[in-house]
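Please look over the sequence and the fold below. The paragraphs after them walk from the whole chain to single residues.

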Amino acid sequence: MLPWIQLDSATIPGEGGELRLKQRGSEFSIMLGANELMNSRLSGSEEALATLSWERIKTHPKPRMLIGGLGMGFTLRAALAVLPDDADVTVAELVPAVVAWARGPMAEVFKGCLDDPRVGIHQGDVGEEIRAGKSAYDAILLDVDNGPDGLTRKSNDRLYDFAGLRAARDALHPGGVLAVWSSGPDPDFTRRLNDSGFAVDVVNSRAGHKRGARHVIWLGVKSTR
């Protein structure tokens, strides 16, 4: 079996912690300590985050989408595959090196999606984009940290508390969707979403397309009233 080779590392801004990019043949992995945050062979649930969101906004004209967390680009590529030509997608990525990896060693994984004219990159905290956008988006997709129970930054919890959810609701058009990826279930977060004015569906999705761990996707739709 081929050994893993570390290609690069990057400090997470604000609260420390180090991401490590590793490669084994054509396979890539991004690690935080002993935890694998993502792997290039497992894209199913990240793709579902985009396609399930699109199902809820596909009647919206000129849709605007905000994706929190670039990762390995699986959510972005899946979104671009279904969104119309007049869509606008902003990807917020906190760690500059992740964007550099997308254009460098993982360019084959990303398949040029960052060069799509519908795509813009915000290098910073997705929470800043949410708070700055009043009724700006049709969909906000959060694949940040490990979900509501995060690993990398304590400040990420602010995306998922009541204040963060109110900010996300305010940033959505009526009928817009807040979609949240998580490595596992969180009944308390489901209740917070409901109590924050969203109509909520909770969907289980495989990490791979037919195998792998079961991840959780919350889909909260803002009332049209």
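**Overall build**

Of the protein's 225 residues, 53% count as buried. Buried means under 20% relative accessible area, exposed means over 50%, and partly exposed lies in between, with a 1.4 Å probe and protein chains only. This is a predicted model, where local features need pLDDT of at least 70, side-chain atom pairs count only at pLDDT 80 or more, and totals for chains, interfaces and linings use all residues. Residues are numbered from 1 along each chain as its sequence is written, and side-chain values use heavy atoms, leaving out hydrogens and water.

The protein has 7 helices and 11 strands. These are DSSP runs numbered from the N terminus: helices are H or I with at least four residues, strands are E with at least two. The C-alpha trace spans about 55 × 35 × 35 Å along its principal axes. The radius of gyration is 17 Å, which agrees with the value near 17 Å for a compact globule of 225 residues. That radius is taken over C-alpha atoms, and the globule rule is 2.2 Å times the number of residues to the power 0.38.

Contact means heavy atoms within 4.5 Å. Among contacts in the protein with a separation of 6 or more, 66% come from residues 24 or more positions apart.

**The cores**

Which residues touch the most other members of the largest nonpolar core? They are L19, M65, L70, L76, W101 and M106, in a core of 45 residues. A nonpolar core is a set of buried Ala, Val, Leu, Ile, Met, Phe, Trp, Tyr and Cys residues joined through side-chain atoms within 4.5 Å. Take L76. Not counting residues up to four places away in sequence, L76 touches I67, L70, V89, V91, C113, L114 and V119. A second, separate core has 23 residues, including I140, L142, V180 and F189.

D143 sits in the loop between β8 (137–142) and α6 (162–171). Leaving out residues up to four places away in sequence, D143 touches E46, L49, G68, G69, T75 and W181. D143 and S182 are 39 residues apart along the chain, yet their C-alpha atoms are separated by 7.4 Å.

M38 belongs to strand β4 (residues 35–39). M38 is partly exposed, at 22% relative accessible area. Its contacts, aside from neighbours within four places in sequence, are F28, S29, I30, G71 and M72.

**Loop residues**

S196 lies in the loop between α7 (187–195) and β10 (198–206). Is S196 buried or exposed? S196 is buried, because its relative accessible area is 3%. Neighbours within four places aside, S196 is in contact with F162, L165 and R169.

Most residues other than glycine have a negative phi. Two lysines here have positive values. K62 has a phi near 45° and lies in the loop between α1 (44–57) and β5 (64–68). K62 counts as exposed, at 59% relative accessibility. K111 has a phi of about 50° and is placed in the loop between α4 (107–110) and β7 (119–123). K111 is exposed too, with a relative accessible area of 53%.
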